[in-house]
Amino acid sequence: MAKLLKLRRGSTSDHNGFTGAEGEVTVDTTKDTLVVHDGSTATGHTLLREDMSNLPAGTIDNADINASAAIAGTKVSPN
């Protein structure tokens, strides 16, 4: 028989006033993502979703980088 694991969970608003224990993982039910806590940072550290739908606007990710991009008119060379 399978076991059921339920993590502590709450809205983003709930997390804003919460400092979890070191190593604790909770579920943000507003953002549908996990939050990792370090015992000292209020709100914890939100994890990026697989589909990156919670990546903040303006953030550069691999999809934004072109392999043939030039910097100041010169390509970067490994040599």
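Colleague: How many bridges join strand 2 to strand 3, and which way do the two run?

Modeller: This is a predicted model, to be clear. In it, strand 2 (residues 25–28) and strand 3 (residues 33–36) are joined by 4 bridges and run antiparallel. A pair of strands needs at least two bridges. Strands 2 and 3 therefore count as paired.

Colleague: Which residue of strand 3 stands opposite T26?

Modeller: V35 does.

Colleague: What makes the sheet open, and in what order do the strands stand?

Modeller: The 4 strands form an open sheet in the order 1-2-3-4, with mixed pairing. Strand 1 and strand 4 (45–46) stand at the edges. Each has a single partner strand, so one side of each is left without a neighbour in the sheet.

Colleague: What pattern does the protein chain follow along the sequence?

Modeller: The pattern reads β-α-β-β-β. The protein chain has 1 helix and 4 strands.

Colleague: Why is H15 called buried?

Modeller: The relative accessible area of H15 is 6%. Buried means under 20%. H15 therefore counts as buried. H15 is found in helix 1 (residues 12–16).

Colleague: How do you know that the side chains of H15 and T26 make a polar contact?

Modeller: The two side chains come to 2.7 Å.

Colleague: What makes R8 and E24 a salt bridge?

Modeller: Their closest N and O atoms are 3.0 Å apart. The rule asks for a distance within 4 Å, so the pair passes. R8 lies in the segment before strand 1 and E24 in the loop between helix 1 and strand 2, so the pair ties together parts that are 16 residues apart in sequence. E24 counts as buried, at 16% relative accessibility.

Colleague: How many salt bridges does the count come to?

Modeller: The count comes to 2. R49 and D51 also meet in a salt bridge, at 4.0 Å from N to O.

Colleague: Which residues make the nonpolar surface patch?

Modeller: L5, L7, L34, V36 and L47 make a patch of about 400 Å². L5 is found in the segment before strand 1 (9–10). At 69% relative accessibility, L5 is over the 50% limit, so L5 counts as exposed.

Colleague: What share of the protein chain counts as buried?

Modeller: Of its 79 residues, 15% count as buried. The protein chain exposes about 6400 Å², and carbon and sulfur atoms supply 54% of that area.

Colleague: Among contacts between residues at least 6 apart in sequence, how many join residues at least 24 apart?

Modeller: The share is 6%.

Definitions and conventions:
Residues are numbered from 1 along each chain as its sequence is written. This is a predicted model: local features need pLDDT of at least 70, side-chain atom pairs count only at pLDDT 80 or more; totals for chains, interfaces and linings use all residues. Side-chain values use heavy atoms; hydrogens and water are left out. Buried means under 20% relative accessible area, exposed over 50%, partly exposed in between (1.4 Å probe, protein chains only). A polar contact is a pair of N or O atoms within 3.5 Å; within protein, one must be able to donate a hydrogen and the other to accept it, and residues adjacent in sequence count only if both atoms are side-chain atoms. Patches are made of residues with over 30% relative accessible area and no salt bridge: like charges are joined within 9 Å, nonpolar side chains (Val, Leu, Ile, Met, Phe, Trp, Tyr) within 5 Å. Accessible areas come from the Shrake-Rupley method with a 1.4 Å probe; for residues, only the protein chains shown count as cover. A salt bridge is a side-chain nitrogen of Lys or Arg within 4 Å of a carboxyl oxygen of Asp or Glu. Contact means heavy atoms within 4.5 Å.
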